[in-house]
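Please open the model in a viewer and keep the selection panel at hand.

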Amino acid sequence: MAFREINSKMVQAAVTPGQRLFSQRGAMLAYQGDVSFTPNMAGGQGGVMSMIGRRVANEDTPLMTVEGSGTVLFGHGGHHVQVINLSGDTLYVEADRLLAFEGTLEQGTVFLGSQGGVMGMVRGQVSGQGLFTTTLRGHGSVAVMAHGGVFEIPVTPQRPVRVDPQAYVAHHGDVRNKLSTAMGWRDMVGRGSGEAFQLELSGSGTVFVQASEEKL
């Protein structure tokens with residue numbers, strides 16, 4: 001695991017020769033050793049097509065390539081930082097929530113409507129989240145940002161999970177999502193997203209929820 005949680009708002013990453021990390025621009029707080037930080041123009045391991053996909057999806061959060069030998073402290077804006085470890089599955093997360101991730105992970109972009117259909121599009125309009133989201137697939141660790149802390153909720157075939165779309169941070173596993181309404185359309189005027197809309201996740205995996213409805 002490349003990342004070690006120093007406290008709730010900071011992680012330490014070990015940088016070793018021949019291995020790369022990617023971080024959000026401005027996320028480096030301090031470092032020791034012979035470490036370089038260069039702007040990444042190729043979209044991580046996803047290559048040029050990943051970069052183009054993020055530009056089309058408005059998910060083009062600038063990344064830095066981190067290489068060399070040493071240790072780096074990452075944090076950003078005083079946000080809570082959560083480390084997620086992947087073992088061959090895919091993490092779905094908004095690009096602006098990515099603090100840093102290992103270069104062993106393949107980065108891509110997915111259209112939320114492919115899972116949620118028309119309701120996935122409505123979710124993007126109501127919650128402020130984009131219609132596209134970033135995917136990270138493979139073996140490695142990811143540090144994501146959130147407001148007020150993160151809680152992991154298991155998703156099982158017998159027990160789907162419903163969350164406020166604005167409290168949603170990320171999910172991984174064999175999970176499908178759809179937006180459902182908690183009340184009639186006439187009653188939605190002036191209501192917060194959690195009162196009017198609920199994001200339902202079903203299947204088998206984990207959803208990460210933040211302790212606030214505030215966007216990054």
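**Salt bridges and their surroundings**

Begin by selecting Glu106, which counts as partly exposed at 33% relative accessibility (buried means under 20% relative accessible area, exposed over 50%, partly exposed in between, with a 1.4 Å probe and protein chains only). The model is predicted: local features need pLDDT of at least 70, side-chain atom pairs count only at pLDDT 80 or more, and totals for chains, interfaces and linings use all residues. Residues are numbered from 1 along each chain as its sequence is written, and side-chain values use heavy atoms, with hydrogens and water left out.

Glu106 and Arg137 form a salt bridge (a side-chain nitrogen of Lys or Arg within 4 Å of a carboxyl oxygen of Asp or Glu), and their closest N and O atoms are 3.0 Å apart. Glu106 belongs to strand β8 (residues 106-111) and Arg137 to strand β9 (residues 132-146), so the pair ties together parts 31 residues apart in sequence. Strands (E, at least two residues) and helices (H or I, at least four) are DSSP runs, numbered from the N terminus.

Now select Arg162 and Glu200, another salt bridge, with the closest N and O atoms 3.4 Å apart. Arg162 lies in strand β11 (residues 161-163) and Glu200 in strand β13 (residues 197-210), so this pair ties together parts 38 residues apart in sequence. Arg162 is partly exposed at 48% relative accessibility, whereas Glu200 is buried at 13%.

Finally, display the whole chain: three helices and 13 strands are present, and 49% of the 216 residues count as buried.
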